[in-house]
Amino acid sequence: MTFSEHLGELRNRLVRIAAYLFVAGTLGWSFHDPLFNFIAAPIRAGLAEHGVYTFTSIEIAETMFVYLKLSIVAGVFMALPLILWELWGFVAPGLYDKERQAIAPVVFFSTLFFLLGAYFAYEVVIPFMAGYLAELTLSTGGVEMDVTVQSAFDFALVFLLGFGVSFELPMLMFFLSTLGIMRVRTYIRFWRYFIVVSFIVAGILTPPDPFSQTMLALPLNLLYWVGVGGAWFSQRREGSGPLFNLRARAWGFLAVALLVLSFSIYQVIEWLGRSGSPFRFVPKDAAWVLSVRLDATGDRQESLAAAFGIPAAAGSRHVLLMQLASGERVAVLDDACKDDVDPDLSALVPGPTESRCERGDRLVAPAAAFDLLPDERDSLEKTPELAALNATGPIFLWHRSPPDGAAGVLPGAGDGVDLQSLAAVFEPRGQTPWLELVIRPKAGAQAATLEARLDAWRRSRQANAATPEKLAAVSRLALRSLDLTERRLALLPATGAVDNAALAVLDAESRSIRAALTALEPGGATPGTDLISELGDGVSRLVSSIDDSTFRLRIELLAEKGLPRALALTGRARALLDATPKPQ
């Protein structure tokens, strides 16, 4: 081929590469929301440990530009196989057969080491650094932390690309030795200087703080010696010539050695990525989980601890309650075994219990339940659903299989909607506290049914003029409904027979309240039995959405009226969980 023909072929391949990038980038834009949630997940996990749960946007187009850059990055990775194929098609005719045979394993293992580096950053470095920097910022009095969408994206991208490229060091050293450019003895003599070079490179590729710089420099030094080993393999005998002349058996040995090394690195990353959170004790078949992070609730700590029955002597700022599939209740108190004091925690778990310490966390459960707790790898600690709830707010309740009629927590929902899971997240801080319901129906199409019924309820409310007298009457009836529920719970004894006569009286009073509410809301769904009606005029705004067959409803509360009622509902939620019967 002539020089002009080579240029023509290069132009055609570059045009095709541009087309691949455009199509892949467009596809990435279609999934910008889940892509951003994925890349931001380790940052959310680190920030959640210190009570930071939301990102902010300080510019009008900030979020759009972040999504655009994320789509471009995702498009490059999705189109990378096709890009490499086009580049290979242009370069391959100019290589010898043995050189072409060597390129494939080099590309494969280069990609593998890049992914290992990015995975190390994703699992270990980003959560640690986000938590460390949040703690450093919030430890200064009078400083609040607002993380922008742009800063979160840049933070994650710098670490992922920086560690991914850094993990290519062994392959680079191996390749230079293969070409005869560098010798093993040269690498060995240079290692003292490389220590300095590694910290300089880490300072360039990471944010300007000594911890992130050290967390990259240490793996670089370890990988340097891995590269020395690879260089020794390529020149294991003086005068053996370049590695391209090695036989297939030697290539096989090298491939196996690199795969074993990659698997070992992966196992080390998995071990380092264990967060040590209380969720490592939650089995995959747990019936429900209640997480209360008291250290992230501001001045509401005492009232929330009292509502959930957490004694002051518990010695923990993060309490986790759960029910196993067998029916046993277990309480996990994070980092509560620092002292030798063994406080009375019988209020957390009913019945005879024992208290044990596991790696600094205190577990309170019946003796038989300890044998049912899982290994960390078999727990729900890193499941997407539980991790997302933990990064959303300081208090959440997750129920795997809600009872029939659980969709009645929504106004206008009624019956006929079977739920796969039900979760509630509560944020009591700030000027606008909120409560969010996350409802996943068994049939994905029923999420739209829930939203349609809620919209119908809203229209019904707007059609009926809400006079001050009517609002006051509804508020009085809602308070009577709250009092009625508390009286009903008081009649549920831990053991013994239920007072059916007293329950019948309460049922009659409940029917009268429902009738009065129905009279106030003619033509609409019967209020009084759903969450919003019980919150009454303490509700500021409702925001609903559907995401991945999941219905979400955020209830924004008025601090003066809605927050006290929401706090009362949290105590009732704990009491209802304690009254849940064990499976037969």
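Student: What makes β3 largely enclosed by the rest of the structure?

Tutor: The count decides. 6 of the 6 residues of β3 are buried, so the strand is largely enclosed. Bear in mind that this is a predicted model.

Student: Which way do the β3 side chains point?

Tutor: Trp288, Leu290 and Val292 point one way, and Val289, Ser291 and Arg293 the other way. All are buried.

Student: How do you know that β3 pairs with β4?

Tutor: Pairing needs at least two bridges. β3 and β4 have 6 bridges, in the antiparallel sense. Therefore the pair qualifies. Within it, Val292 has Val319 of β4 as its bridge partner.

Student: And what makes β8 a partner of β3?

Tutor: The test is again at least two bridges. Strand β8 (residues 395-399) and β3 share 5 bridges and pair in the antiparallel sense. Leu290 is bridged to Leu397 in β8.

Student: How do you know that β4 pairs with β5?

Tutor: 5 bridges link β4 (residues 318-323) with β5 (residues 329-333), and the cut-off is at least two, so they pair. The two strands run antiparallel. Met322 has Val330 of β5 as its bridge partner.

Student: What is the strand order in the sheet?

Tutor: The order is β6-β7-β5-β4-β3-β8-β9-β10-β12-β11. That is an open sheet of 10 strands with antiparallel pairing.

Student: Why are β6 and β11 called edges?

Tutor: Each has a single partner strand, so one side of β6 (354-358) and one side of β11 (539-547) are left without a neighbour in the sheet. From one strand to the next, the twist averages 15°.

Student: Now the charges. Why is the contact of Arg16 with Glu86 called a salt bridge?

Tutor: The cut-off is a side-chain nitrogen within 4 Å of a carboxyl oxygen. Arg16 and Glu86 meet at 3.1 Å, N to O, so the label holds. Arg16 lies in helix α1 (residues 3-30) and Glu86 in helix α3 (residues 62-91), so the pair ties together parts that are 70 residues apart in sequence.

Student: Are those two residues buried or exposed?

Tutor: Buried means under 20% relative accessible area, and exposed means over 50%. Glu86 has 5%, so it is buried. Arg16 has 34%, so it is partly exposed.

Student: What makes Asp361 and Arg280 a salt bridge?

Tutor: Their closest N and O atoms are 3.0 Å apart, which is within 4 Å, so the pair counts. Asp361 is in strand β7 (residues 361-365), and Arg280 is in the loop between α9 (248-272) and β3 (288-293), so parts 81 residues apart in sequence are tied together. Both Asp361 and Arg280 are buried.

Student: How do you know that Glu354 and Arg356 qualify?

Tutor: The closest N and O atoms are 3.3 Å apart, so they also pass the 4 Å cut-off. Glu354 is at 35% relative accessibility and counts as partly exposed. Arg356 is at 35% and counts as partly exposed.

Student: How many salt bridges does the structure hold, and which residues form a network?

Tutor: The structure holds 10 salt bridges.

Student: How do α1 and α3 pack?

Tutor: Their angle is about 145°, and their axes are 7 Å apart. The crossing is right-handed. By class, the contact has 17 nonpolar, 6 polar and 4 charged residues.

Student: Why is Leu373 called buried?

Tutor: Leu373 has a relative accessible area of 16%, under the 20% cut-off, so it is buried. It sits in the loop between β7 and α11 (384-390). Beyond four places in sequence, Leu373 is in contact with Phe281, Met322, Leu324, Val330 and Leu363. Leu373 and Pro283 are 90 residues apart in sequence, yet 6.3 Å apart in space, C-alpha to C-alpha.

Student: What makes Glu328 buried?

Tutor: Glu328 is at 16% relative accessibility, and the cut-off is under 20%, so it counts as buried. Its place is in the loop between β4 and β5. Not counting residues up to four places away, Glu328 touches Met322, Gln323, Pro366, Ala369 and Leu372.

How values were computed:
Residues numbered from 1 in each chain as written. Predicted model: local features only at pLDDT ≥ 70, side-chain atom pairs only at ≥ 80, totals over all residues. Heavy atoms only, no water. Helix = DSSP H or I, 4+ residues; strand = E, 2+ residues; numbered from the N terminus. Axes fitted to C-alpha atoms, helices over the stretch in contact; angles between N-to-C directions. Buried < 20%, exposed > 50% of the residue type's maximum accessible area, 1.4 Å probe, protein only. Left-handed = near helix turned anticlockwise from the far one by under 90°. Nonpolar A, V, L, I, M, F, W, Y, C, P; charged D, E, K, R; others polar. Contact = heavy atoms within 4.5 Å.
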